[in-house]
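Please examine the sequence and the model shown here. The paragraphs that follow lead from the sheet to the helices and then to the pockets.

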Amino acid sequence: MNYLKLKFWVSFFALILYLSNIQAQNADKTLWIPSGKTITIEQLESRIESGMDSLNYPGLSIAIINNNQLVYSNAFGVANTETKEKVTGKTIFQGASLSKPLFAYFIMKMEEEYHLNLDNPIYPYLATIFPKEAIEAKSFEAYKTITPRMVLSHTTGIPNWTNGKPISIAFKPGTDFSYSGEAYQHLGAAFALKMGIDWGAPLNDMIKRNATDTLGMNSSFYVWDDRFNTITARGHSENKMIPEIKKYKKVGPGFSLYTNASDYALFLLEMLNPKNISVSTRDKMLEEQIHFKENNDLFIETGQTGWGLGFAQKQTTNGLVHLHTGKNPGFESYAMFMPEHNYGLVMFGNANNLFPLLRSIEALIGEHF
């Protein structure tokens, strides 16, 4: 064997040994979980992969925060079951209702910057564009009292979605809980009108300047951007891929966010350790605005106890969790964080059975939802 061949093989085996050592080091790295235990990354990834295999789950983006630091972020599976394109750290998912807490954060930032009053009715800004017949006559006076605080805490009485029917308000706004994506749409339109801008690209740009970009969330946006066409996951429903990418042209505060786990984790870090808003503003977001009654469906089904300005709340065996779920056709998402533990987790999936997968992972990491 001549010198050059010998040098090549020595270098080759040295590279293999180096990569093996790196893999072993990563596998040995541990993550802290709210129960107080630690798990290895190898254990976590083995659990994720086995759960995805058993559920035939296509693709996942996941991130974990320990001690106010993003300590783990990874991607699994495929973004497209036809082309078998892999999910990567850059793959974009529909955030679905995880749009809402981030938009709530933006509104709270506007309260700081522009002295937006959370308790002033939004109707005066909508009066010129919102036809009176869009609201049932018996609900019109109640609608006129709805404020940003009521929207962010889901206490408007507006249904989740009206689907073009006249709005019927279920109770005196501010007195009870009724989850409503529709109400978020009204707040988004009212805010844009207050600022004198369109709620398409101009509102999206304002959110980027004041919220996402300042947090380093460079892959998060509410209005479709063609630059991300080649890295956006396709949704899957009942094991069938949805071939079209939903391209929202207007800001949908309740549903239109495009993002991924590593980006959204930066928002959770802001909730844990505020840098772009004051601690007092963050505390307002996390303070319970409405406590659920014992007959509340969320309380009965999941044990959630109330809602702040953007996030739901739940007492668990390991402490208070602030959380939000998301579901659009072909996509599901979940985010949670625990300020007392400086801990957070976020997941985005491109199928509608993310929560069975989470339950499988919880067998290792304990209660998270």
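**Sheet, helices and pockets**

Nine strands form an open sheet in the order S5-S4-S3-S15-S14-S13-S12-S11-S10, with antiparallel pairing. The edges are held by strand S5 (85-86) and strand S10 (290-291), each with a single partner strand, so one side of each is left without a neighbour in the sheet. Helices (H or I, at least four residues) and strands (E, at least two) are DSSP runs, numbered from the N terminus; two strands pair if DSSP finds at least two bridges between them. The model is predicted: local features need pLDDT of at least 70 and side-chain atom pairs count only at pLDDT 80 or more, whereas totals for chains, interfaces and linings use all residues. Residues are numbered from 1 along each chain as its sequence is written, and side-chain values use heavy atoms, with hydrogens and water left out.

Val-78 stands opposite Lys-86 in S5. Helix H2 packs on the sheet, touching strand S3 (59-66) and S4, and the direction of H2 makes about 25° with that of S4. Contact here means heavy atoms within 4.5 Å; axes are lines fitted to C-alpha atoms, for helices over the stretch in contact, and angles run from 0 to 180 degrees between N-to-C directions.

Helix H3 (residues 99-114) and helix H8 (residues 201-212) pack at an angle of about 75°, with axes 10 Å apart. H3 and H8 are therefore roughly perpendicular to each other (a term for angles of 65 to 115 degrees). Among the residues making the contact are Phe-103 and Phe-106 of H3 and Met-206 and Ile-207 of H8. By class, this contact of H3 with H8 has 10 nonpolar, two polar and one charged residues. Ala, Val, Leu, Ile, Met, Phe, Trp, Tyr, Cys and Pro count as nonpolar, Asp, Glu, Lys and Arg as charged, and the others, Gly among them, as polar.

The largest pocket has a volume of about 520 Å³. Of the 25 residues that line the largest pocket, the closest to its centre are Ser-97, Asn-160, Tyr-179, Leu-298 and Thr-325. A pocket is an open set of points on a 1 Å grid over the protein atoms alone, where a 1.4 Å probe fits, with protein on both sides within 12 Å along at least five of seven lines; lining residues have an atom within 4 Å of a point. Grid points are joined across faces, edges and corners, and a volume is the space filled by probe spheres set on the points. S13 gives the largest share of this lining, six residues.

Terms used:
Angles under 35 degrees count as roughly parallel, over 145 as roughly antiparallel, 65 to 115 as roughly perpendicular and the rest as oblique.
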